[in-house]
Amino acid sequence: MTGEKDLEALLAAMHPVQRGGEYVYAVWPEGRPLVPGVEAAVREAEGLTVVLPRAVADREGLGYDFVGAWITLEVHSALEAVGLTAAVSKALAEARISCNVLAGFHHDHLLVPVADAPRALEVLAGLSAGSRQAPRPELLVRSEAPEDRAAILALTADAFAVSPATGLKAEGEPVEVRVLRGLFESKEYLPEFSLVAVLDGEVVGHVISTRGWVGDHGLLGLGPLAVTPRHQRHGVGSALMKETIHRANAAGESGIALMGSPEYYSRFGFVPATSLGVLPPDEAWGDYFQLLPLALWPGGVHGTFRYAEPFALT
């Protein structure tokens, strides 16, 4: 079962439930076998920390300071979901309630002071209800305007501050920003295929497609696509892709080529370009170089794809 990643969906579906009993944190004696009742354990340099019912700790003669109530957020959150812990911690902090968070595979769990448990449940229920009632801002996808350029370059720098190819922090200006700046000034620039996503008046995403070729046959070369980090995994990239594909079909384009994750782009119909006879500029790209044949794909297109000139300068 795949966990939910969207923060608004997580908060709306969050159902806080308190387990029975009281729970404590204790340091488990080195070398002593664990006993039934230990609910969680963390190995630290100083020793093994355990979370267990207070009655079990008392029986085993363990010392503790914090006595907590255990609250489970009964929504299946993905481990890579962003923002749930921060939203819950913020709401409880504003209510002057301390909490300790334990992340399980299926759910997140909170340990709050026993005396604060009823109030914590009210705060969490209110947070969930407020998320369900709050209207979600409408995402607008449109052609870029000249006044968008600074915001586009800034969000692209943020989105590629860590290289998707190496996983390492980019040194200086990310190469994607330099490519994008060159594409804006190139002869291959197609203004109707430079799209921004706008949320509450803020440019939060951008994608550009420029003219590319296989031999003399024109195709679109898509990229870079960038979404400001705090809005990633919320459907912004998907909205930009869908609008690009819609415009490309309406304009009579025959196909879109790109280099990216097969897992992500296959959801839009992209396939390895080599399966259609189109080779990547660098054979090492393999199946990461993909192609979407559009409604007017002619077939019989064979050769190596050639991107707009700025790509060759990187």
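Contact here means heavy atoms within 4.5 Å. The model is predicted: local features need pLDDT of at least 70, side-chain atom pairs count only at pLDDT 80 or more, and totals for chains, interfaces and linings use all residues. Residues are numbered from 1 along each chain as its sequence is written, and side-chain values use heavy atoms, with hydrogens and water left out.

Phe270 touches Met241, Ile256, Leu258, Tyr265, Gln290, Leu291 and Leu292, leaving aside residues up to four places away in sequence. A nonpolar core is a set of buried Ala, Val, Leu, Ile, Met, Phe, Trp, Tyr and Cys residues joined through side-chain atoms within 4.5 Å. Buried means under 20% relative accessible area, exposed over 50%, and partly exposed in between (1.4 Å probe, protein chains only). The largest such core holds 23 residues. Met241, Ile256, Tyr265 and Phe270 have the most contacts inside it. Strands 9 (194-199), 10 (202-214), 11 (217-227) and 12 (255-259) each supply at least two of its residues, as does helix 7 (236-250). Helices (H or I, at least four residues) and strands (E, at least two) are DSSP runs, numbered from the N terminus. Helix 7 gives the largest share, five residues. A second, separate core has 19 residues, among them Leu92, Ala95, Ala117 and Leu124.

Gln290 lies in strand 15 (residues 289-293). Gln290 counts as buried because its relative accessibility is 1%. A polar atom of its side chain lies 2.8 Å from the backbone oxygen of Gly260. The Gln290 side chain also reaches the backbone oxygen of Tyr288, at 3.3 Å. Beyond four places in sequence, the residues that Gln290 touches include Ile256, Leu258, Tyr265 and Phe270.

Note on methods
A polar contact is a pair of N or O atoms within 3.5 Å; within protein, one must be able to donate a hydrogen and the other to accept it, and residues adjacent in sequence count only if both atoms are side-chain atoms.
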